[in-house]
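Work through the exercises below with the sequence and the structure in view. Try each task before reading its solution.

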Amino acid sequence: MAGIGEEIQERLRRWTLELGGPGTRERLEKLTPPRNEYGVDPYGFDVDFMQAAAAPVLWLYRKYFRVKAFGLENVPAEGPALIVGNHSGQLPFDAAMVEAACLVDKDPPRAVRALVDKWVPTLPFVSTLFARCGQIVGTPENCRRLLSAGEALLVFPEGTRGLNKPFSQRYQLQTFGLGFMRLALENDVPIIPVGVVGAEEQAPAILDIQPLARLLAFPHFPITLTGLPLPMPVRYRLWFGEPMRFTGRSDDEDAVLEAKVARVRDAVAGLLAHGLAEREHVFW
Amino acid sequence: MSPVPASVAITGIAGNLGRKLARILHGETRVVGFDRRPLRDRPKDVEHHQLDIRKARVEDVFRRGGIQAIVHLGLKHDPRDDAAEAHDFNVAGTQKLFDIAARHRVGKVVLLSSANVYGPAPGNPNFLPEETPLLGAARLPGYRDLIEVDMYAQSFMWQHPEIETVILRPVNIVGPTVRNAPSNYLRLERPISVLGFDPMIQVIHEEDVCRAIALALRPGVRGVYNVTGPGEVPLSAALRELGRETIPLPHFLVRSVVKRLFDARLSSYPPGEVDYIQYLCAVDGSRFVRDTGWTPRYSIRDTLRSVLNAR
C-alpha cells in the first residue's frame with residue numbers, strides 16, 4: 001500500500017512474528033490466498049501487507065486486551081463458514097480480535113474475512129486498510145462469491161445497532177438481520193456462533209448524537225465516558241460455539257427465517273451467559 | 001482464429017480502436033468502414049465511406065448487399081463536444097444504423113459499450129454482474145449517451161430475435177493508441193489521486209478488446225457481456241508500475257479542484273471521473289469467458305505499460 005514504506009512494513013512483520021509467539025512464521029506461511037503479480041487477490045487482499053498491519057492488532061490482542069480464545073477448533077480448518085457474533089464497543093475491535101485469534105491461535109491459521117458496512121468504502125485510509133487486509137463490503141453478491149470460493153466470513157448481524165449501543169444495554173443482543181441466514185441456507189454453509197465477552201465494556205457510551213451523525217453521514221455518533229470511542233484495557237474472552245447447520249429454502253418468508261436466526265441468536269446469548277459466569281473481573 | 005462473417009461493417013473506423021480492429025479483421029473478411037473522418041493508412045482491401053451514420057447514403061451501401069455484420073464503435077465521448085449534437089449523433093445515429101441492420105438482414109450487430117456504465121459507488125459489490133442497473137450517469141453526465149445507446153441495443157435485442165445482437169461492456173481500455181479518459185489518466189506524469197482511497201481497477205489492452213470483438217462476431221454468440229482483461233490491480237500499484245508520482249488531494253477538495261482545472265482547460269480530466277479513482281467499478285467477466293472461451297493475451301503489467309508506448 002502506498003504511504004507505508006517497505007522498511008516499516010518489514011519491521012511491522014517482524015513485530016507480528018514476535019507477538020504471535022514461537023512457530024508463527026511457519027503457521028502464517030500456510031496462508032496461501034491467490035495473488036497476482038501485484039501481490040493481491042481479486043478483492044485487493046494483500047497477505048504480506050496484512051501480516052504487517054496485523055502487528056498493532058496483535059499487540060492489542062496479546063498485551064492490551066490479553067485475549068483468551070476458547071473453542072477455536074469449532075472454526076473449520078478449511079471450507080466455507082459463517083462466523084456469527086455479538087457486535088459492540090463503538091469501534092469494531094471485536095472483529096479484529098476474532099480475526100487475530102483465527103490467525104495466531106489457530107493451526108493452520110485462517111484469514112477470516114469480516115463483512116463491513118457499505119459506508120466503510122467512503123472513509124479515506126480505512127477503506128484501503130480494510131481492503132488490503134481482506135475485509136469486504138457485505139453485499140450478497142460478494143458473500144456468495146467468497147463462500148463458493150471456500151472462504152470463512154465474519155458477520156455481525158446486529159450491525160451498527162450493536163456496535164454503537166449505549167452502555168446500559170451491554171450484553172443485550174440487538175435485532176439480528178436475516179441476510180446471513182439466507183446466505184447460509186443458499187450455500188449450505190455451517191454457522192459458528194461466537195460470544196465476545198469484554199468488548200461490551202470497552203467504551204461505555206452514554207449518548208448518541210443523531211443530528212451530528214446525520215451531518216457526517218455516520219450511522220451513529222456515540223459519546224463515551226472518556227469522550228472518545230477509544231477502548232479501555234478490558235480483558236477479552238472469545239467463546240466459539242459448535243457449528244450449526246440449517247436446512248430449508250433461502251427465499252422463505254422472513255417469519256420462517258426469523259425462527260432460524262433466533263436459534264443462532266440464542267446460541268450467541270448462551271455463549272455470552274457462559275462467558276460472563278466464568279469471568280471474575282472485567283479487566284483481568 | 002474464430003470464423004468471422006464474410007463481410008463486416010465498422011462504424012467509427014477512423015478512430016484508434018476502429019483502425020486497429022480493421023487491421024485485425026481485414027485479412028480474413030471484407031471490411032466496410034463508416035466514419036465522418038477520413039481513414040488514414042487504409043489497407044487496400046478496406047472499403048471506407050466517409051459519411052455521418054445518420055445520412056441516407058449509409059443505407060445505400062447496405063442495399064448493395066453483402067454486409068453480414070455490424071460493429072458499432074462510432075460513438076462520441078469527448079467531454080468538450082457540444083452535448084446536444086453528440087447526443088443526436090450517438091442516439092439517433094445508433095437507432096438509424098440498427099434500423100438499417102433490421103431492414104437489410106444483417107445477421108449480427110455488436111455494440112461496444114463499457115463496464116463504466118454501471119458507475120462507481122462505495123456500496124458496489126467487488127464484481128458487478130451484467131444485470132446491475134446502469135447508474136453510471138448519476139454523477140457523470142458524459143455517460144448518459146452511452147447508457148441510452150446500451151439500453152436501446154437491449155430493446156433491439158428483444159425486438160429482433162432473428163438478429164444476433166451482442167453488447168460488449170469491456171473494462172477500461174488502454175493501449176498505445178487509445179485516447180480515452182483512463183489511458184489519458186495513466187499517461188499523466190503527476191496524476192491526481194484521492195487521499196486515502198485506492199480502489200481495485202481493471203484494464204484491458206486495446207488489442208485484446210479487438211480480439212474480444214472478433215469473438216463476439218462468431219456465429220451463435222449473442223447477449224450482454226462484461227469483458228474483463230487480465231485481472232484486478234490496486235490503482236496505486238498501477239500508477240507505481242508506470243513510475244507515476246501522484247498528487248493526493250483530500251476527498252472533500254478533489255472534485256472542486258478537478259472541476260476548476262477542467263473549466264480552465266488546464267486538464268482534460270472531467271470532474272465526474274473522480275468517482276472512478278475513489279470507488280469500485282469492477283465487473284464479473286465470467287459469462288463471456290464461459291460462452292466464448294475468452295482469454296486476454298496481455299498480462300496486467302504489459303497492459304498497463306502499453307500506455308507508455310503512445311503513438
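**Exercise 1. Determine how many of the residues of α6(B) are buried, and list them.**

Step 1. Helices (H or I, at least four residues) and strands (E, at least two) are DSSP runs, numbered from the N terminus. A residue is buried if 20 or more other C-beta atoms lie within 10 Å of its own, exposed if 12 or fewer, and partly exposed in between, with C-beta atoms placed from the backbone.

Step 2. Count. In α6(B), 11 of its 11 residues are buried, so this helix is mostly covered.

Step 3. List. The buried residues are B:Glu206, B:Glu207, B:Asp208, B:Val209, B:Cys210, B:Arg211, B:Ala212, B:Ile213, B:Ala214, B:Leu215 and B:Ala216.

Step 4. Note the source of the values. The model is predicted: local features need pLDDT of at least 70, side-chain atom pairs count only at pLDDT 80 or more, and totals for chains, interfaces and linings use all residues. Residues are numbered from 1 along each chain as its sequence is written, while chains are lettered from A and ligands numbered from 1 in the order in which they are written.

**Exercise 2. Describe how α1(B) and α6(B) cross, and name the residues that meet.**

Step 1. Find the axes, which are lines fitted to C-alpha atoms, for helices over the stretch in contact; angles run from 0 to 180 degrees between N-to-C directions. The axes of α1 (residues 16–25) and α6 (residues 206–216) of chain B come within 10 Å and cross at roughly 55°.

Step 2. Classify the angle. Under 35 degrees counts as roughly parallel, over 145 as roughly antiparallel, 65 to 115 as roughly perpendicular and the rest as oblique. α1(B) and α6(B) are therefore oblique to each other.

Step 3. A crossing is left-handed if the near helix is turned anticlockwise from the far one by less than a right angle, and right-handed if clockwise. For α1(B) and α6(B) the crossing is right-handed.

Step 4. Name the contacts (two residues are in contact if their C-beta atoms, placed from the backbone, lie within 7 Å). From α1(B) come B:Leu17, B:Lys20, B:Leu21, B:Ile24 and B:Leu25, and from α6(B) come B:Glu206, B:Glu207, B:Val209, B:Cys210, B:Ile213 and B:Ala214.

Step 5. Sort them by class. Ala, Val, Leu, Ile, Met, Phe, Trp, Tyr, Cys and Pro count as nonpolar, Asp, Glu, Lys and Arg as charged, and the others, Gly among them, as polar. The contact of α1(B) with α6(B) has eight nonpolar, no polar and three charged residues.

Step 6. Look at the rest of α1(B). Its buried residues are B:Leu17, B:Gly18, B:Arg19, B:Leu21, B:Ala22 and B:Leu25. Besides α6, they pack against β1 (7–11), β2 (30–35), β3 (46–50) and β4 (69–72) of chain B.

**Exercise 3. Is B:Asp35 buried or exposed?**

Step 1. Locate the residue: B:Asp35 lies in strand β2 of chain B.

Step 2. Count neighbours. B:Asp35 has 22 C-beta neighbours inside 10 Å, so it counts as buried.

Step 3. List contacts. Leaving aside neighbours within four places in sequence, B:Asp35 touches B:Thr11, B:Gly12, B:Ile13, B:Ala14, B:Gly18, B:Gln50 and B:Gly74.

**Exercise 4. Describe how α3(B) and α4(B) cross.**

Step 1. The axes of α3 (residues 83–103) and α4 (residues 144–159) of chain B come within 9 Å and cross at roughly 15°.

Step 2. These two helices, α3(B) and α4(B), are therefore roughly parallel to each other, and their crossing is right-handed.

Step 3. The residues of this contact divide into six nonpolar, four polar and two charged.

**Exercise 5. State what chain B contains and how it touches chain A.**

Step 1. Chain B has 11 helices and 12 strands. Buried residues make up 50% of its 311 residues.

Step 2. In the contact between chains, 22 residues of chain B meet 23 residues of chain A. β11(B) gives the most to the chain B side, with three residues.

Step 3. By class, that side of chain B has 12 nonpolar, seven polar and three charged residues.
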